[in-house]
Amino acid sequence: MDRTKKLKFIIGLSITGLIALMTIIGIVKTPYDPCAMDGAAKLAGISLKHPFGCDQFGRDILSRVLVGVRETMLISACVVFIGVFFGTVLGTITGYFGGWLDEILMRLNDAVLAFPSVLLALVVIGLYGSGRYQLIAALGIAFVPSFARIVRGEVLKIRNLDYIQAVRLYGASHLRIIVVHILPNLKTVLLSSIIIGFNNAVLAEAGMSYLGMGVAPPAPSLGRMLSEAQAYIFSNPLTAIFPGIVIVIMILGFSLLGDTVKKN
Amino acid sequence: MKYALKKTATMIITLFFVSVLVFFSFSLIPGNPAISKLGTEATPERIEALSHEMGLDKPVTQRFTEWIFGVIRGDFGKSYSYSQSVTSLLSDKIKTTLLLSFMAIIICTVISIPLGIFMARKSDSKLDIALSTINQIIMAVPSFFSGIILTLIFGVAFKLFTPGAYVSYKTNLLGCLGYLFFPALAIALPKISMVSKLLKDTVLKESEKEYVRTAYSRGNRTKAVFYGHVLGNALIPVITFMGMTFADIIAGSIIVEQVFSVPGLGRILLSSISGRDYPVIEAIILLLAFFVVLSNLIVDLLYHKFDPRIHV
Amino acid sequence: MLKVEDLCIKIHDRKSTETVVKDVDLEMNRGDILGIVGESGSGKTMTALAIAGLLSRHDMEKSGHITFEGINLLECNRKVLRKLQGYEISMIFQEPLNSLNPIIKVGKQVEESLKIHTTIEKAERKERAIQALRDVELDNPEAVYESYPHELSGGMRQRAMIAAAMISQPRLLIADEPTTALDVTIQAQIVELLKKINKERGTAILFISHDLSLVNTLCERVLVMKDGLVVESGNCSDIFNDPKEEYTKGLIAAIPKNPFDIA
């Protein structure tokens, strides 16, 4: 590993560690109740009591950001899980068996991939309404094709290796070949796509909740905090800055980590 | 030419697939749109009358054929929530969104290509390291947040535009372009970082190739080798990437329109989703799909022109 | 015409310095054909690249003299060197596919040297390029002119490379393993072509190869290199028939025999 790569890896790892810590704090206990309104602290600036200040209802922004990170991370984790799970199943079946099923699924895949994921998620939400679970389903579905394509490509490569052909000659069943010989070989490619998947999922979740298609208010979400803060941008720009910077840091962490895993 | 025809045919097939998918997904949603329009207290007779008027009593396949032939003529049906045709409802908004996307694409191309070239030529210098670091950070800024930051800097601090005061291209084209510059920049920023980074990487990779040595052996100057040989080859993967980027830019405009209160397709899409105005949603999705596929087609043809190795 | 004295090339890695060419001397007169043989890593390609002026990477150190028509190529100004490259000294390489720019028409690459070094008009350049393609015995040179490298076969590509190298009538042609990537029959054709060029135009050829038998069919004199050193040099047939060094004997022994000889 050269020096820049090492540096990227260390920074990326520290940031993801920080995000994990924030997620845990968001789950366990935040300094204030993220939904508790304090009339006296409306749009309060930075202070020791409220390090990130307060929003238009006097809610502590730090607490809301922490819960927002938790929300984003849990949703992203579910989205990536759905994408990886169905993507691996689809990609393995189509890549391993090929044939007409492969043709049809990959054509469909291409058609879906032509759509940016936010647009696709908006379609699903247009169909089933907005909310936390709809958002997970919407983004999850939008993520499946890209994972399926990556896995399929890798399975195709592995399937044609000599030793898989040899194992087949010994009479191993398809199931055994897939489970014992192919799936373990997908580890590296899956690891990097999971990290990149998190990067995209955080971006998409924040974008969707910015559009008001995510978690329902008053529960905090980073994207919605940004859109709410926009109304006060002339008087209180800080309310927008903190949630925004947290989103940037999350994406930066995953992209740095993804960069270092990808090429190895 | 043959290649162009084949690609156009594929594009039409893809669009047909999309329209089938879109139409049937929205037709299969449980619930009668006539009821949601009239409210649950409406009498069965009125619901039936409205269903008939909206054409909902016909079989799905017949509705689809009527719809698709309408779409080919440019008629997307009638909006549920607004009492006007979808086409007239959207015609201004399409132009606004396209204008915004075009500007973003132009800004992205005009900045990222020279920037990538510059970074490759200064590769490993302090300036390149600084630019690469900035690039890495900008890549992580979602367009809606960079939009807010641009509003803060250019709208609030420097007062170069009034946030929220969009002027239509009909009343004042220059004013409209001036306003749209900032949302377009917000969409373009992360793309500029990605494209310039990719171009830098491909230039450095191509510089190691053997044909570069041949070019030097003929007595070419460094600049001539770069512009005459390396750059053309380095641009090929960049063109492919930009094709995907254009699709992202078109989708990105939906979000950024919200940041800058630009009345384009994005805003009406969001209000139609909350209002369950299916004909409008269907039309917008199909239109956006059309733009995405069309930009892919253009990029494919460009790519074909740039890289003679691609065969039909 | 060409004189190389005490040529040393050192490559500086981050940690260590490696000397890849040690004290190489060689001399060529107009119309000479000189071969350099050796296995990969023997420094033969490095020597050739140094003569062609293609080793200017900053992590490399060169010492000694390379004098071409009275100009010291190692010390002269870049501008002077560029004037010679492609005009007086041309080079062809091992992999004709990789050595040609994949997105530029073959004809444009053949005439590039003329474009760089002369003021000849476009139409005439094209004419000259087609003539050059004809001279390397390509059928239908007009079609070759308009095609892209990937559309030609390996042998055709190498012929086109030779046409590009010869279009400005250089005094020295450096051929770095020009036949290694080609089929045996085409190898022989390319060697014949080089011979013909040498005879008809008097172009000196520095022929680099790992194949001693090939060198023997083409060259008058040969240098045998190993680990950056010239271990043996002299008349080709002398060395072939009576090698002094163990290494050279090994190279000769490695030449595959005609399968019909074994009986």
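**Figure 1. Packing of helix 1 against helix 4 in chain B of the predicted model.** Helix 1 (residues 2-27) of chain B packs on helix 4 (residues 60-73) of chain B at an angle of about 135°. The axes of helix 1 and helix 4 of chain B are 11 Å apart. Helix 1 and helix 4 of chain B are therefore oblique to each other. Their crossing is right-handed. From helix 1 of chain B, the contact draws on Ser19(B), Phe23(B) and Ser27(B). From helix 4 of chain B, Val60(B), Phe64(B), Trp67(B), Ile68(B) and Val71(B) take part. By class, this contact comprises six nonpolar and two polar residues, with no charged residue.

**Figure 2. The two domains of chain B and the contact between them.** Chain B is divided into domain 1, residues 14-86, and domain 2, residues 90-306. Taken over C-alpha atoms, the centres of domain 1 and domain 2 of chain B are separated by 36 Å. The contact involves 17 residues of domain 1 of chain B and 15 residues of domain 2 of chain B. On the domain 1 side, helix 1 and helix 2 (33-38) of chain B each supply at least two residues. Helix 1 of chain B provides the largest share of that side, with seven residues. The side of domain 1 of chain B that touches domain 2 of chain B has ten nonpolar residues, six polar residues and one charged residue.

**Figure 3. Confidence along chain B.** The average pLDDT of chain B is 87, and 98% of the residues score at least 70. Among the elements of chain B, the lowest mean pLDDT, 70, belongs to helix 2 of chain B. Helix 9 of chain B has the highest mean pLDDT, 94.

**Figure 4. The interface between chains B and C.** Here, 18 residues of chain B are in contact with 23 residues of chain C. On the chain B side, the elements that give two or more residues are helix 9 (210-217) and helix 10 (222-259) of chain B. Helix 9 of chain B gives the most to this side, with six residues. The side of chain B that touches chain C is made up of four nonpolar, seven polar and seven charged residues. For chain C, the average pLDDT is 89, and 97% of the residues score at least 70.

**Figure 5. The interface between chains A and B.** Two pairs of chains touch, and the pair formed by chains A and B has the most contacts. This contact takes 28 residues from chain A and 32 residues from chain B. On the chain A side, two or more residues come from each of helix 4 (117-128), helix 8 (187-210) and helix 10 (238-262) of chain A. The side of chain A that touches chain B contains 23 nonpolar residues, five polar residues and no charged residue. No contact joins chain A to chain C, and the closest C-alpha atoms of chains A and C lie 12 Å apart. The model as a whole scores ipTM 0.91 and pTM 0.88.

**Figure 6. The fold of chain A and the crossing of helix 3 with helix 5.** Chain A has ten helices and zero strands. Along the sequence, the pattern of chain A reads α-α-α-α-α-α-α-α-α-α. Along the principal axes, the C-alpha atoms of chain A fill a box of roughly 75 × 45 × 30 Å. The close-up shows helix 3 (residues 99-113) and helix 5 (residues 132-159) of chain A, whose axes come within 9 Å and cross at roughly 130°. That angle makes helix 3 of chain A oblique to helix 5 of chain A. Helix 3 of chain A passes helix 5 of chain A in a left-handed crossing. Asn109(A), Val112(A) and Leu113(A) of helix 3 of chain A meet Pro145(A), Ser146(A), Ala148(A) and Arg149(A) of helix 5 of chain A. By class, this contact has four nonpolar residues, two polar residues and one charged residue.

Notes:
Residues numbered from 1 in each chain as written. Chains lettered and ligands numbered in written order. Predicted model: local features only at pLDDT ≥ 70, side-chain atom pairs only at ≥ 80, totals over all residues. Contact = placed C-beta atoms within 7 Å. Helix = DSSP H or I, 4+ residues; strand = E, 2+ residues; numbered from the N terminus. Nonpolar A, V, L, I, M, F, W, Y, C, P; charged D, E, K, R; others polar. Axes fitted to C-alpha atoms, helices over the stretch in contact; angles between N-to-C directions. Parallel < 35°, antiparallel > 145°, perpendicular 65-115°, else oblique. Left-handed = near helix turned anticlockwise from the far one by under 90°. pLDDT = per-residue confidence, 0-100. Domains from an automatic or database assignment.
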